[in-house]
Amino acid sequence: MTTLTQGYQITWEKLPDDYKLPDDPVDNINQPALAAALTESLQLAGKISANALTTTNYGICATLNNKMVIKAPDWAFIAKINVSREEVIRSYTPQLQGDIPVIVMEFVSDTQETEYSIKATYPPGKWFFYERILKVPNYIIFEPDSGSFEMYRLESTEQYILQEPDENQRYWIAEMNLYLGVSQGTRENRTGKWLRWWDEQGNLLPWGSELAQQERQRAEQERQRAEQERQRAQRLAAQLRAAGIEPED
């Protein structure tokens with residue numbers, strides 16, 4: 001499949017096996033934790049199907065005028081791949097191996113503002129690549145320290161338009177049938193702002209640690225109820241004995 005845009009001829013080709021991927025370090029220690037939290041809550045809520053794919057700092061490819069371009073968003077969600085997972089171990093090529101990502105996210109980590117790069121010449125900037133080449137419908141830019149959150153939606157003009165949050169300061173991701181927003185929390189020894197998912201009814205999709213805490217609270221409440229029942233039974237037995245009645249076991 002070949003398309004044309006902004007002077008580029010775009011083809012969708014598998015990354016050659018001998019292609020040397022850049023071995024860049026993660027820009028910020030918080031990036032893996034932020035990405036893992038997004039994926040975990042989706043998994044626990046059953047929102048990731050068997051043929052869906054979430055990626056973290058993982059190469060997404062397109063070939064522009066016979067030159068391979070690889071961008072690695074900090075987090076992305078692909079609703080459906082049409083090949084085995086073994087075929088997308090090193091990288092992922094949309095159209096060839098499955099759907100265009102539903103959403104890509106960048107966690108701001110430097111002062112270069114590469115997340116906003118509209119550079120159209122080769123190699124293109126991130127913004128240009130997501131908007132004009134991949135045509136990803138939802139683009140998120142998140143600043144973890146401040147919790148600043150921008151959501152851009154690909155409109156009919158085929159350009160990203162900054163979206164406004166709802167009354168709960170959340171954004172509707174139609175393709176995922178979920179809301180996305182920011183919440184304060186503690187996970188993996190990090191206390192701060194996190195990107196979180198909410199369902200249609202406004203219920204927060206919990207992390208595993210939160211589910212474990214809920215289970216501990218449920219168990220403690222059950223223990224307290226059992227202890228209250230035991231004490232009630234003891235008081236009743238004492239009252240019966242005081243009345244000269246031996247309670248039945």
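This is a predicted model: local features need pLDDT of at least 70, side-chain atom pairs count only at pLDDT 80 or more; totals for chains, interfaces and linings use all residues.
**A walk around strand 8**

Strand 7, residues 103–107, runs parallel to strand 8, and five bridges join the two. Strand 9 also pairs with strand 8, this time in the antiparallel sense, over six bridges. Over there, Glu-143 stands opposite Ser-148 of strand 9. Strands 8 and 9 form a hairpin with four residues between the strands, and Gly-147 in this hairpin takes a positive phi near 85°.

So is strand 8 mostly covered or open? Mostly covered: five of its six residues are buried.

Now let's look at one residue, Tyr-139. Leaving aside residues up to four places away in sequence, Tyr-139 touches a whole group, including Trp-127, Tyr-130, Met-151, Tyr-152 and Tyr-160. Glu-106, Glu-115 and Glu-150 are among its contacts too.

On to the cores. The largest nonpolar core holds 29 residues, and Tyr-139 is listed with Tyr-92, Ile-133 and Tyr-160 as having the most contacts inside it. Which elements give two or more residues to this core? They are strand 2 (8–11), strand 4 (60–64), strand 6 (75–78), helix 2 (126–134), strand 8 (138–143) and strand 9 (148–154). Helix 2 provides the largest share, six residues.

Apart from this core lies another one, of 27 residues, with Leu-38, Ala-52, Phe-142 and Phe-149 among them.

Note on methods:
Residues are numbered from 1 along each chain as its sequence is written. Side-chain values use heavy atoms; hydrogens and water are left out. A nonpolar core is a set of buried Ala, Val, Leu, Ile, Met, Phe, Trp, Tyr and Cys residues joined through side-chain atoms within 4.5 Å. Buried means under 20% relative accessible area, exposed over 50%, partly exposed in between (1.4 Å probe, protein chains only). Contact means heavy atoms within 4.5 Å. Two strands pair if DSSP finds at least two bridges between them.
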